[in-house]
Amino acid sequence: MNAVAERGYLLVRSDGVLWGVSNGDVRRLTRQGLRYHLEVGGIALGVDEVVGVVPELVVWPVSSALRRFWPEKAGGLAVHAEAPLVIIDPRRLPRALCIEGIEGEIADGEGRH
């Protein structure tokens with residue numbers, strides 16, 4: 001990818017949760033039936049909707065208080081168009097989105113293990 005294409009964030013939605021992933025971390029985006037698959041960090045993630053691309057986001061770190069209540073790993077938090085979103089860390093992908101299991105596990109069709 002060129003430098004311009006790597007900037008910004010791809011915003012996606014799955015099960016009502018808005019997620020953001022750096023464009024530079026997305027290796028592939030395809031449509032699979034009613035869902036979309038994106039490849040991040042060598043793993044396929046399944047999402048319900050591609051919301052769009054934003055050129056930049058202010059990303060805040062995840063606090064230890066939130067980690068007690070949020071079951072997924074996150075690279076940070078942001079807000080876009082008054083909607084909160086979770087930033088995907090390509091080194092620690094959220095299990096709720098994984099289609100191909102992490103470390104050899106196989107996920108069911110809903111992305112759960």
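Tutor: Ground rules: it's a predicted model, where local features need pLDDT of at least 70, side-chain atom pairs count only at pLDDT 80 or more, and totals for chains, interfaces and linings use all residues. Residues are numbered from 1 along each chain as its sequence is written, and side-chain values use heavy atoms, with hydrogens and water left out.

Student: How many salt bridges are there?

Tutor: Side chains of opposite charge can pair when their charged atoms come close. The cut-off here is a side-chain nitrogen of Lys or Arg within 4 Å of a carboxyl oxygen of Asp or Glu. By that rule, the count is five.

Student: Which residue does Arg28 meet in a salt bridge?

Tutor: The N to O distance for this pair is 3.6 Å. Arg28 lies in strand 3 and its partner in strand 4 (residues 35-40), so the pair ties together parts eleven residues apart in sequence. Strands here are DSSP E runs of at least two residues, helices are H or I runs of at least four, and both are numbered from the N terminus. The partner is Glu39.

Student: How far apart are the closest N and O atoms of Asp48 and Arg35?

Tutor: These two also form a salt bridge. It links distant parts of the chain, with Asp48 in the loop between strand 5 (43-47) and strand 6 (49-54) and Arg35 in strand 4, 13 residues apart. The closest N and O atoms are apart by 2.7 Å.

Student: Is Asp89 buried or exposed?

Tutor: Asp89 forms a salt bridge with Arg91, closest N and O atoms 3.0 Å apart. Salt bridges with shared partners join Asp89, Arg91 and Arg92 into one network. The classes are buried under 20% relative accessible area, exposed over 50%, and partly exposed in between, using a 1.4 Å probe and protein chains only. Arg91 is exposed at 72%, whereas Asp89, at 5%, counts as buried.

Student: Which backbone nitrogen does the side chain of Asn23 reach?

Tutor: Asn23 lies in the loop between strand 2 (17-22) and strand 3 (26-32). Its relative accessibility is 11%, so Asn23 counts as buried. The side chain of Asn23 gets to 3.3 Å from the backbone nitrogen of Leu10.

Student: What is the relative accessible area of Val79?

Tutor: Val79 lies in strand 7 (residues 76-80). Val79 counts as partly exposed, with a relative accessible area of 46%.

Terms used: A polar contact is a pair of N or O atoms within 3.5 Å; within protein, one must be able to donate a hydrogen and the other to accept it, and residues adjacent in sequence count only if both atoms are side-chain atoms.
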